[in-house]
Amino acid sequence: MKTKIIQRLLLAAVCLCAIAEGSVRWMGMVDFPIYMTDQSIGYLPKPNQEGKFLNENTWVFNDRSMGTPAPWNPAAKPNVLLIGNSIVMGGNPYNQPDKLGPLVQALLGDKVAVWPIAVGAWSTVNETAYLQQNPDVVQASNFFVWEYMNGGLSRMSLDRGQYVFPSEKPVLASWYVLRRYVLPRFMDFPMDELPPTGQSQQENMQQFEEQVAKLSLGKGGKVPGILFFYPGRDEYIGFQKGTEYVPDRKELERIAAKYGLRIVDVARRPEWNLSMYREGTHPTVEGNQVLAHILATAIREAMPL
């Protein structure tokens, strides 16, 4: 009798596990991008992949790990590089058309190609390293928009493991979802997806300026690019009360003046407000739309189209 009860319990457990596994996969909870580590860049999405997270939010990366379905083709039309972290990339919570790159592309139209070079939790150091490793992308750019957040030049952001930036699809989807989304609510698992913070390092600032110089070289127009300052929610609140949120502002302004760049500071824009934040850092879809309008307008004013 006891043996039959145990067998039934085991069978029920197996059935429940199978149902959970099938349900998680059917709901698209593990249809997310996969990443590869890189000694020079830290990590980046593997090229040539696409999917639909939760069967709703489409995502795509081209042959150069850029967040666009278009293969890298710099000769087709003038190029705008949109460089940044998760503010630009968007990530799983956003549908592809609602991300910053596609929104800017839609506003600018077909006369130019917008190439988003952005990965969640990247710092400006990672972004600089990507440009260093892809000099043809730098050389082909006609205009660039480079996002900057406080602490961007402190250090490189490194790969944070399988449950933050997965390097492969999980064998057991149900366990992955439990470990990735449920257990961190009750246990102290490091799941931070935000860029590093801290004081800027002179070497990082120097390498950043070197890439700005290369991006600005021989572009024809008076303004070769834009530095785009983005505050987190608390930083925005502090800035409205008079607290600086870009400690490197003077140095970045010096670089901008030297190379003829325009600075767009979101914290100073009247159309930006606290309702634009989805949580402490990332914008809502409406916030993305506002950012896209701000940047597209600045690009049109600075770049001959």
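What follows is a short briefing, grouped by topic.

Keep in mind that this is a predicted model. The largest pocket has a volume of about 510 Å³, and there are also three cavities of 30 Å³ or more. On the charged side, the count is ten salt bridges.

**The largest pocket**

- The lining of the largest pocket takes in 24 residues. Gly91, Asn92, Pro93, Arg180 and Glu193 are the ones that lie nearest the centre.
- Two elements give two or more residues each to that lining, namely α2 (86–89) and α6 (173–182).
- Of the elements, α6 gives the most to the lining of this pocket, with three residues.
- Sorted by class, the pocket lining comes out as 13 nonpolar, seven polar and four charged residues.

**The cavities**

- The largest cavity has a volume of about 80 Å³.
- Lining the largest cavity are Trp59, Val60, Phe61, Gly67, Val88, Met89, Gln96, Lys99, Pro102, Pro116 and Ala118.
- The elements that give two or more residues to this lining are β4 (57–61), α2 and β6. With three residues, β4 gives the most.
- By class, the lining of the largest cavity has eight nonpolar residues, two polar and one charged.
- The second largest cavity holds about 50 Å³ of space. Its lining is made up of Asn85, Trp122, Ser123, Thr124, Glu127, Glu147, Met149, Asn150, Gly151, Gly152 and Pro195.

**Helix α3 and its buried side**

- Which residues of helix α3 (residues 100–108) are buried? They are Leu100, Gly101, Leu103, Val104 and Leu108.
- These residues cover an arc of only 165° around the axis, so they sit on the same side of α3.
- The background is simple: an α-helix has 3.6 residues a turn, so residues three or four places apart point the same way.
- What covers the buried residues of α3? The cover includes β5 (79–84), α2, β6 (113–118), β8 (225–229) and α10 (285–302).

- As a reminder, side chains of opposite charge can pair when their charged atoms come close.
- Arg254 and Glu209 meet through their side chains in a salt bridge, at 2.7 Å from N to O.
- Arg254 belongs to helix α9 (residues 249–259) and Glu209 to helix α7 (residues 202–216), so this pair ties together parts that are 45 residues apart in sequence.
- Is Glu209 buried or exposed? Glu209 counts as buried because its relative accessibility is 12%, and the cut-off for buried is under 20%.
- Arg254, at 34% relative accessibility, counts as partly exposed.
- Glu209 also forms a salt bridge with Lys258, at 3.2 Å from N to O. That pair links distant parts of the chain, with Glu209 in helix α7 and Lys258 in helix α9, 49 residues apart.
- Lys258 is exposed, with a relative accessible area of 53%.

- Arg262 pairs with Glu301 in a salt bridge, and their closest N and O atoms are 2.5 Å apart.
- Arg262 is partly exposed, with a relative accessible area of 29%, whereas Glu301 counts as exposed at 55% relative accessibility.

**The shared network**

- Salt bridges that share partners join Glu209, Glu251, Arg254 and Lys258 into one network.

How values were computed. Residues numbered from 1 in each chain as written. Predicted model: local features only at pLDDT ≥ 70, side-chain atom pairs only at ≥ 80, totals over all residues. Heavy atoms only, no water. 1 Å grid on protein atoms, 1.4 Å probe; cavity = no way out; pocket = protein on both sides within 12 Å on 5 of 7 lines; lining within 4 Å. Points joined across faces, edges and corners; volume = space filled by probe spheres on them. Helix = DSSP H or I, 4+ residues; strand = E, 2+ residues; numbered from the N terminus. Nonpolar A, V, L, I, M, F, W, Y, C, P; charged D, E, K, R; others polar. Buried < 20%, exposed > 50% of the residue type's maximum accessible area, 1.4 Å probe, protein only. Arc of directions from axis to C-beta. Contact = heavy atoms within 4.5 Å. Salt bridge = Lys/Arg side-chain N within 4 Å of Asp/Glu carboxyl O.
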